[in-house]
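I opened this notebook to keep a record of what I looked up in one structure, entry by entry.

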Amino acid sequence: MSTETRNTSGSRAIPPAIDRVDVRGPRFAAWVTTAVLVLVLVAAAVSPVAAGVLIALQAVVFAIGAAAGPRKHPYGRIFAAFLAPRLAPTSETEPTPPLRFAQLLGFVFAAVSLLGFALGSTVVGAVFAGFALFAAFLNAAFGICLGCQIYPLVARLRRNRVHGAVRGPSVVTQASASGPDAPTAVSAPN
């Protein structure tokens with residue numbers, strides 16, 4: 001189903017514009033997140049309580065990023081206020097919905113990590129903080145946003161569920177069903 005709509009004259013309307021941000025902002029946020037998560041893991045070795053406090057603060061940052069988007073994200077605000085004015089104008093932008101989804105995934109990892117530390121399981125806390133660290137570092141160092149890579153799949157599944165779309169077999173299913181081992185129809189003798 002298309003997101004295009006028709007206006008009252010019957011002509012096609014332009015789909016709503018998707019908010020976009022400078023790619024350098026989320027990369028900066030990923031570097032700061034990486035540093036915070038490294039501190040969480042170091043603190044976990046010394047004081048699970050300190051690690052729990054740090055991951056709780058990072059969970060709040062993830063929640064703000066997921067709910068309000070990259071422009072309201074605390075690290076994004078630091079980037080916009082102090083770094084962006086000193087940089088050349090951006091030549092590359094990215095849409096905000098995948099970034100918000102990535103922040104939601106970060107929040108989930110941080111929340112499970114916090115739960116682990118709160119319940120006395122330093123291993124669970126450290127493992128989930130490590131998952132979040134891995135994702136943040138990939139984005140910071142290589143520009144690979146795991147949440148952004150997963151987002152189109154989740155959006156497609158959600159769209160299909162919302163619209164109640166029931167689709168026929170996939171191309172792969174059809175191709176495998178028509179392969180050399182597929183049953184063939186035998187015509188009845190006349």
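**Entry 1, ground rules.** I am working with a predicted model, in which local features need pLDDT of at least 70 and side-chain atom pairs count only at pLDDT 80 or more, while totals for chains, interfaces and linings use all residues. Residues are numbered from 1 along each chain as its sequence is written, and side-chain values use heavy atoms, with hydrogens and water left out.

**Entry 2, the chain as a whole.** I counted 7 helices and 2 strands in the protein chain, taking both as DSSP runs numbered from the N terminus (helices H or I, at least four residues; strands E, at least two). Along the sequence, the order is β-α-α-α-β-α-α-α-α. For burial, I noted that 28% of the 190 residues count as buried, where buried means under 20% relative accessible area, exposed over 50% and partly exposed in between, with a 1.4 Å probe and protein chains only. The accessible surface is about 12,400 Å², and carbon and sulfur atoms hold 67% of that surface; the areas come from the Shrake-Rupley method with a 1.4 Å probe, and for residues only the protein chains shown count as cover. Among contacts (heavy atoms within 4.5 Å) with a separation of 6 or more, 69% are between residues 24 or more positions apart.

I looked up T33 in helix α1, which spans residues 24–46. Is T33 buried or exposed? T33 is buried, because its relative accessible area is 5%. With neighbours within four places in sequence left aside, T33 touches Q58, F62, Y75 and A136.

I found a nonpolar surface patch formed by W31, F134, F137, F142, I144 and L146, which together have about 600 Å² of accessible area. Patches are made of residues with over 30% relative accessible area and no salt bridge, with like charges joined within 9 Å and nonpolar side chains (Val, Leu, Ile, Met, Phe, Trp, Tyr) within 5 Å; a salt bridge is a side-chain nitrogen of Lys or Arg within 4 Å of a carboxyl oxygen of Asp or Glu. Helix α5, residues 122–142, gives the most to this patch, with 3 residues. F134 lies in helix α5, and F134 counts as exposed because its relative accessibility is 51%.

I searched the whole structure and noted 7 aromatic pairs. Rings of Phe, Tyr and Trp (its six-membered ring) pair if their centres lie within 6.5 Å, and planes under 30 degrees apart count as stacked, over 60 as edge-to-face and the rest as tilted. W31 and F137 are edge-to-face, because their planes stand at 85°, with ring centres 6.1 Å apart. This pair links distant parts of the chain, W31 in helix α1 and F137 in helix α5, 106 residues apart. W31 is partly exposed at 44% relative accessibility, and F137 is partly exposed at 37%. The rings of F109 and F128 have centres 6.2 Å apart and planes at 40°, so I logged this pair as tilted. I also noted that W31, F137 and F142 form one aromatic cluster.

I found 1 disulfide in the structure, using the criterion of a pair of cysteine sulfur atoms within 2.5 Å. The bond joins C145 to C148, with 2.4 Å from S to S, and the link is right-handed, with 65° about the S-S bond. Both C145 and C148 are buried.
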